[in-house]
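Please keep the sequence and the model in view while reading.

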Amino acid sequence: MRKLILIPLLALSSQTQAMTLEQSVAEAINHHPLLQQKYAAFEAAIRYKRAAVGDYLPQVRLYGGVGYEDVRFNSGQRIDSELTRTEIGVKVSQLIFDGFRTTSEIDRLEFEKEAERFGLISEAENLSLEVSRVYLQLIMANKIVGLAEQNIEEHKQILKNIQSRENRGLSSESDVAQVRARLATSQSGYLAARHNQMDMQAKYYDLVGELPKDLINPKPDFEYVPSTLSYALEQAVRNHPEIDAAISDTQAASAQHEREKSDFWPKLSLELQANKNDNIGGIEGPDEDARAMLMLSYDIFNGGSSIDRTEAASWRYQQAMAVRENTEKQVVESTRLAWNSYDFVGQQRSFYRVNVDQAVIAEKGYIKQFELGRRSLLDVLDAKVEVFLARKNYINAHHNYHIAAYRLINATGQLMESFRIDKPTTWKEDE
């Protein structure tokens, strides 16, 4: 089976092992099954529309048959014959007017194709956001693992110093036990950090299709981040592909309603037909004819089916309008939530930065005071825990701020553009 390549990958040097966020996103879009599924649906919609356009063109049908015929009477005359009947002919028909059914059907399929196209773009945008989130969470997990390793080493150094002080009679056995307990806690925390790191690696592999290698700390393009909530909402309503897809679905439902109304019109076509037959109607010998005719048909009564189908299409249109309205509400809600996250996490980050700086100063002061006998060992250990938690919180806040920025760009439908990933020409609107 031919493999679909949706987006050209950013150039990767064979010597380069690192995967940037942009390359990870492009790799995921190229190979993720959800995108393959959406792309297949889009290609199918294109073919359905092409098939409908074929109704504008002449229809040519060749037919033939051979078989046994037993005739007793023909037009009131007694004919008793048994002959081998053969038929061959060609029929050409050209649609002239069908109550705008073909036109409406082509419009409907065009709008459905556009809905599939916007759905494909929306899926790619959401996949880009998910890859961004996992990529940053993995970097976050890597840093926290490093922080946990550093914390273990610092506790080991403290344990070594306390044991030395115990040997000199300056510390008690309980001090050693206290440090060992804190060391065990830091080692347990390291295992928890490693567990989370491996979970993030598994998620990355599921999205991108390969294990992460030397991830590079990314930075969002803040030119795409709206400066105000009102501007974010304006951009979201204008650009989000889900809204565009819902609009196309509404237009498709309207075109379907017009198609169903075509049954109330007469149908007109031009037909050309030629036949070359043998042994027809019990009369031995050739039977040939040709004709050109304008054919008109009009349904007087079909059990009310046309009325019911038209009313059903009208309700489908109402359903599509409700879906469109709900889609816009969901996009607006998602944009507000993304903005709140971006705004408040950004404010938290600055406080966590202050928290780290002050915790480090306090730790250094407690260590000096402990050496002078003015602070207990417990004070020093608590200060070290405070520094560890402050650094961990700052790492989380810093990367969550970037995740929130990517989420806000995604809410406005411009995340792939911010990554400088070009959509394939087949994804773009027809000229």
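In what follows, Ala, Val, Leu, Ile, Met, Phe, Trp, Tyr, Cys and Pro count as nonpolar, Asp, Glu, Lys and Arg as charged, and the others, Gly among them, as polar. The model is predicted, with local features requiring pLDDT of at least 70 and side-chain atom pairs counted only at pLDDT 80 or more, while totals for chains, interfaces and linings use all residues. Residues are numbered from 1 along each chain as its sequence is written, and side-chain values use heavy atoms, with hydrogens and water left out.

**Overall build**

The chain holds nine helices and four strands, where helices (H or I, at least four residues) and strands (E, at least two) are DSSP runs numbered from the N terminus. Their order along the sequence is α-α-β-β-α-α-α-α-β-β-α-α-α. The radius of gyration, taken over C-alpha atoms, with a globule rule of 2.2 Å times the number of residues to the power 0.38, is 37 Å, well over the 22 Å given by that rule for 431 residues, so the chain is more spread out than a compact globule. Its C-alpha trace spans about 135 × 45 × 40 Å along the principal axes. Of the 431 residues, 40% are buried, a term that means under 20% relative accessible area, against over 50% for exposed and in between for partly exposed (1.4 Å probe, protein chains only). Contact means heavy atoms within 4.5 Å, and among contacts between residues at least 6 apart in sequence, 82% join residues at least 24 apart.

On a 1 Å grid over the protein atoms alone, a cavity is a set of points where a 1.4 Å probe fits but cannot get out, whereas a pocket is an open set with protein on both sides within 12 Å along at least five of seven lines, and lining residues have an atom within 4 Å of a point. Grid points are joined across faces, edges and corners, and a volume is the space filled by probe spheres set on the points. The search of the whole structure finds one cavity of 30 Å³ or more. Its lining is formed by L147, Q150, N151, E154, K384, V387, F388 and R391, and the elements giving two or more residues to that lining are α3 (101–167) and α8 (377–411).

In the largest pocket, 21 residues form the lining, and I144, G189, A193, F388 and K392 are those nearest its centre. Helices α3, α4 and α8 each supply at least two residues of this lining, with α4 giving the most, nine residues.

| Space | Volume | Lining by class |
|---|---|---|
| Largest cavity | about 50 Å³ | three nonpolar, two polar, three charged residues |
| Largest pocket | about 330 Å³ | eleven nonpolar, eight polar, two charged residues |

Helix α1 (residues 21–31) is mostly covered, with nine of its eleven residues buried. These buried residues, among them L21, V25 and I29, pack against α2 (33–53), α3, α4 (173–208), α8 and α9 (415–418).

E105 lies in helix α3 and counts as buried at 18% relative accessibility; leaving aside residues up to four places away in sequence, E105 touches A52 and R259. E173, found in helix α4, counts as exposed at 63% relative accessibility. E173 is ten residues from Q163 in sequence, and their C-alpha atoms are 8.5 Å apart in space.
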